[in-house]
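Work through the exercises below with the sequence and the model open. Each task is followed by a solution in steps.

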Amino acid sequence: LAQAILAQIVRDPAANSGSTALQAKRARIRRAAAMGANKVVQKSKEAKMKAAMAGGRSRKKKWSKGKVKEKLANMVMFDKATYDKMMKEIPKAKLITPSVVSERLKVNGSVARQAIRHLEEKGLIAHVGEKHHAQLIYTRKIGGDGE
């Protein structure tokens, strides 16, 4: 607006001749025009709303699902190959627990416990420390009877 008035004053030679009040008014308009050049034109409410909706953070933040552990497809029964592997490898291990047996042979935890009991009955592995129903810790049998 100030620039339009300033342009009109400059174009109209009749307006240039006159009193000091007119010159003061022209000076104020020039200063306002100079200051207005630095100002940023304010957006309308619609423009602000549109800019807010277009922003990247407009959607609600979704929680991450966390790290999904892949499901193990362990066997629930021994097949011939796994049974043979168990009879050959497990008695040679230093530490024998249900988790170790389950990990090595890819069998269920309950199957691993049954396998440990089976190996103990056959005398291939020895219990470590005092026997406990929940804490099945075994080791390989050393020599003939070395517990």
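This is a predicted model: local features need pLDDT of at least 70, side-chain atom pairs count only at pLDDT 80 or more; totals for chains, interfaces and linings use all residues.

**Exercise 1. State how many helices and strands the protein chain has, and in what pattern they follow along the sequence.**

Step 1. The protein chain contains seven helices and two strands.
Step 2. Along the sequence the pattern reads α-α-α-α-α-α-α-β-β.
Step 3. Of the 147 residues in the chain, 18% are buried.
Step 4. Of the contacts between residues at least 6 apart in sequence, 47% join residues at least 24 apart.

**Exercise 2. Describe how helix H6 packs on helix H7.**

Step 1. Two packed helices are described by the angle between their axes and the distance between the axes.
Step 2. For H6 (residues 98–105) and H7 (residues 109–122), the angle is about 110° and the axes are 8 Å apart.
Step 3. Angles of 65 to 115 degrees count as roughly perpendicular, so H6 is roughly perpendicular to H7.
Step 4. The crossing of H6 with H7 is right-handed.
Step 5. From H6, Pro98, Val101 and Ser102 meet Gly109, Ala112, Arg113, Ala115 and Ile116 of H7.
Step 6. These contact residues comprise five nonpolar, two polar and one charged.

**Exercise 3. Decide whether threonine 82 is buried or exposed, and list its contacts.**

Step 1. Threonine 82 belongs to helix H5 (residues 80–89).
Step 2. Its relative accessibility is 9%; buried means under 20%, so threonine 82 counts as buried.
Step 3. The side chain of threonine 82 makes a polar contact of 2.3 Å with the side chain of aspartate 79.
Step 4. With neighbours within four places in sequence left aside, threonine 82 contacts Met75, Leu105 and Val107.

Note on methods
Residues are numbered from 1 along each chain as its sequence is written. Side-chain values use heavy atoms; hydrogens and water are left out. Axes are lines fitted to C-alpha atoms, for helices over the stretch in contact, and angles run from 0 to 180 degrees between N-to-C directions. Helices (H or I, at least four residues) and strands (E, at least two) are DSSP runs, numbered from the N terminus. Angles under 35 degrees count as roughly parallel, over 145 as roughly antiparallel, 65 to 115 as roughly perpendicular and the rest as oblique. A crossing is left-handed if the near helix is turned anticlockwise from the far one by less than a right angle, and right-handed if clockwise. Contact means heavy atoms within 4.5 Å. Ala, Val, Leu, Ile, Met, Phe, Trp, Tyr, Cys and Pro count as nonpolar, Asp, Glu, Lys and Arg as charged, and the others, Gly among them, as polar. Buried means under 20% relative accessible area, exposed over 50%, partly exposed in between (1.4 Å probe, protein chains only). A polar contact is a pair of N or O atoms within 3.5 Å; within protein, one must be able to donate a hydrogen and the other to accept it, and residues adjacent in sequence count only if both atoms are side-chain atoms.
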